[in-house]
Amino acid sequence: AHGYEVTVFDKAPNVGGLWQENYHSYGVQVPKQLYEFPDFPFETVKYGVLPTGGETQAYIEAYATHFRLLPHIRLNTPVESLEQRVGQKGWVFKLG
């Protein structure tokens with residue numbers, strides 16, 4: 001977001017999307033390289049190349065912390081509606 005002020009809204013209490021709860025106790029069925037961000041190696045897998053959901057969640061949290069993304073994310077903030085402005089630049093959105 002070079003030159004832009006960005007705010008991300010997420011209704012969840014933490015970054016990580018579906019990894020927070022849905023797959024925490026499960027193993028991922030594809031190699032970690034398919035989940036890895038190019039600029040942040042996924043090196044915390046305890047066994048082999050197939051991370052657990054918990055390891056994937058921890059990796060996403062570490063990425064957000066490392067790149068100082070958390071101050072730009074408003075957690076527990078659902079977006080209820082989003083409309084493009086007519087005849088103007090930008091969007092109008094309603095938060096929950």
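Visitor: Where is Arg68 found?
Guide: Arg68 sits in the loop between α1 and β2 (73-74). Keep in mind that this is a predicted model.

Visitor: Is Arg68 buried or exposed?
Guide: Arg68 counts as exposed, because its relative accessibility is 66%, and the cut-off for exposed is over 50%.

Visitor: What about the phi of Arg68?
Guide: The phi of Arg68 is near 55°, which is a positive value in a residue other than glycine. Most residues other than glycine have a negative phi.

Visitor: Okay, and what is the phi of Asn76?
Guide: For Asn76, phi is near 55°, again a positive value in a residue other than glycine. Asn76 belongs to the loop between β2 and β3. Asn76 is exposed, because its relative accessible area is 53%.

Visitor: Let's go inside. Which residues make up the largest nonpolar core?
Guide: There are 11 residues in the largest nonpolar core. They are Val15, Trp19, Val28, Phe40, Phe42, Val45, Tyr59, Ile60, Tyr63, Ala64 and Ile73.

Visitor: Which element gives the largest share of this core?
Guide: That would be helix α1, residues 53-66, with 4 residues.

Visitor: Take Phe40, then. What is Phe40 in contact with?
Guide: If you leave aside its neighbours within four places in sequence, Phe40 is in contact with Tyr59, Ala62, Tyr63, His66 and Phe67.

Visitor: What does Thr56 touch?
Guide: Not counting residues up to four places away in sequence, Thr56 touches Trp19, Val28, Phe42 and Pro51.

Visitor: How does the lining of the largest pocket divide into nonpolar, polar and charged?
Guide: The lining has 11 nonpolar, 2 polar and 2 charged residues.

Visitor: Which element gives the largest share of that lining?
Guide: Helix α1 does, with 3 residues.

Visitor: Now strands. How many residues of strand β3 are buried?
Guide: Strand β3 covers residues 79-84, and of its 6 residues the number buried is 0, so β3 lies largely in the open.

Visitor: In what sense do β3 and strand β4 pair?
Guide: β3 and β4, residues 91-95, pair in the antiparallel sense over 5 bridges. The hairpin of β3 and β4 has 6 residues between the strands, and there Gly87 takes a positive phi near 75°.

Visitor: What stands opposite Gln84?
Guide: Trp91 in β4 stands opposite Gln84, and Gln84 itself is in strand β3. Gln84 touches Gly90 and Trp91, not counting residues up to four places away in sequence. Gln84 is exposed, because its relative accessible area is 53%.

Visitor: How about Lys94: where is its place, and what is it in contact with?
Guide: Lys94 is in strand β4. Setting aside its neighbours within four places in sequence, Lys94 is in contact with Pro78, Val79, Glu80 and Ser81. Lys94 counts as partly exposed, because its relative accessibility is 49%.

Visitor: How far apart in space are Gln84 and Tyr23?
Guide: C-alpha to C-alpha, Gln84 and Tyr23 are 35 Å apart in space, and 61 residues apart in sequence.

Visitor: So where is the place of Tyr23?
Guide: Tyr23 is in the loop between β1 (8-9) and α1. With 38% relative accessibility, Tyr23 counts as partly exposed. Leaving aside its neighbours within four places in sequence, Tyr23 is in contact with Leu18, Gly53 and Gly54.

How values were computed
Residues are numbered from 1 along each chain as its sequence is written. This is a predicted model: local features need pLDDT of at least 70, side-chain atom pairs count only at pLDDT 80 or more; totals for chains, interfaces and linings use all residues. Side-chain values use heavy atoms; hydrogens and water are left out. A nonpolar core is a set of buried Ala, Val, Leu, Ile, Met, Phe, Trp, Tyr and Cys residues joined through side-chain atoms within 4.5 Å. Buried means under 20% relative accessible area, exposed over 50%, partly exposed in between (1.4 Å probe, protein chains only). Helices (H or I, at least four residues) and strands (E, at least two) are DSSP runs, numbered from the N terminus. Contact means heavy atoms within 4.5 Å. Two strands pair if DSSP finds at least two bridges between them. Ala, Val, Leu, Ile, Met, Phe, Trp, Tyr, Cys and Pro count as nonpolar, Asp, Glu, Lys and Arg as charged, and the others, Gly among them, as polar.
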